[in-house]
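Here is a briefing on helix packing and an aromatic pair. Look at the structure, then read the points below.

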Amino acid sequence: RPDSITNDRSIYAVRKAIGTYLAQESAVAVDVVIPVPDSGTPAAMGYAEETGVPFELGIIRNHYVGRTFIFPTQFLRDLSVRLKFNTVKGVIENREVVIIDDSIVRGTTLKKLVKLLRNSGAKKVHVRISSPPVKHPCFYGMDFPTTEELVAGQHDVDEIMEIIDADSLGYLSLDGALKSTHLEKDNFCTACFSGDYPIPLKGDNGKTVFEE
């Protein structure tokens, strides 16, 4: 949560700093910066401040619908996205927009959101992600246990851009993500980004872990 404190760091402040680094690495000329609520909001604020582009709430989230990537089937994930988000047409119509989110896992949510923004009259839709590409499975509690389920595990940035139908796509670098925390790299697990697992993997399917 943005109001959390971890390693003596405000999560809200770190997420804004992540947005600042994202803007430094991957700015784009647009009319408005829009967060994917609520996951992209602090980073979008940092991105907007760094670029000088206005920040607007162009996407509204229904808080009674849960996190879409956790649903067990693609049908339920697609349905959840349609129920979860709506747009503020006056913010989007006839404008070039950049939407900021914290990650792309399967690509379901952003593909639907880009379509939603285009249907609301956006001239162009650019996507910026405030983390590196999630290329590798997580075995520590997140619901993406195989590389095949991860869009960045199967496709490069240009291919993902086509899959989600964005006009451009940019990710924060791993170095930028780590720098934004002002903590040493050893404080973090980067396995889903780098493939460098702190616990060795066992088995051909890569689905189990063990301690040596």
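Contact here means heavy atoms within 4.5 Å. Val14, Ala17, Ile18, Tyr21 and Glu25 in helix 1 meet Gly176, Lys179, Ser180 and Thr181 in helix 8. The model is predicted: local features need pLDDT of at least 70, side-chain atom pairs count only at pLDDT 80 or more, and totals for chains, interfaces and linings use all residues. Residues are numbered from 1 along each chain as its sequence is written, and side-chain values use heavy atoms, without hydrogens and water.

**Helix 1 and helix 8**
- The contact residues divide into four nonpolar, three polar and two charged (Ala, Val, Leu, Ile, Met, Phe, Trp, Tyr, Cys and Pro count as nonpolar, Asp, Glu, Lys and Arg as charged, the others, Gly among them, as polar).
- Helix 8 covers residues 174–181 and packs on helix 1 at about 140 degrees, with the axes 9 Å apart.

**Helix 1 and helix 2**
- Helix 1 (residues 11–26) packs on helix 2 (residues 41–51) at about 45 degrees, with the axes 6 Å apart.
- That makes helix 1 oblique to helix 2 (under 35 degrees is roughly parallel, over 145 roughly antiparallel, 65 to 115 roughly perpendicular, the rest oblique).

**Aromatic pair**
- The structure holds one aromatic pair (ring centres within 6.5 Å; planes under 30 degrees apart are stacked, over 60 edge-to-face, the rest tilted).
- The rings of Phe139 and Tyr197 have centres 5.5 Å apart and planes at 50 degrees, so the pair is tilted.
- Tyr197 counts as buried at 16% relative accessibility (buried is under 20% relative accessible area, exposed over 50%, partly exposed in between, with a 1.4 Å probe and protein chains only).

Note on methods. Axes fitted to C-alpha atoms, helices over the stretch in contact; angles between N-to-C directions. Helix = DSSP H or I, 4+ residues; strand = E, 2+ residues; numbered from the N terminus. Phe/Tyr/Trp six-rings, centres within 6.5 Å; stacked < 30°, edge-to-face > 60°.
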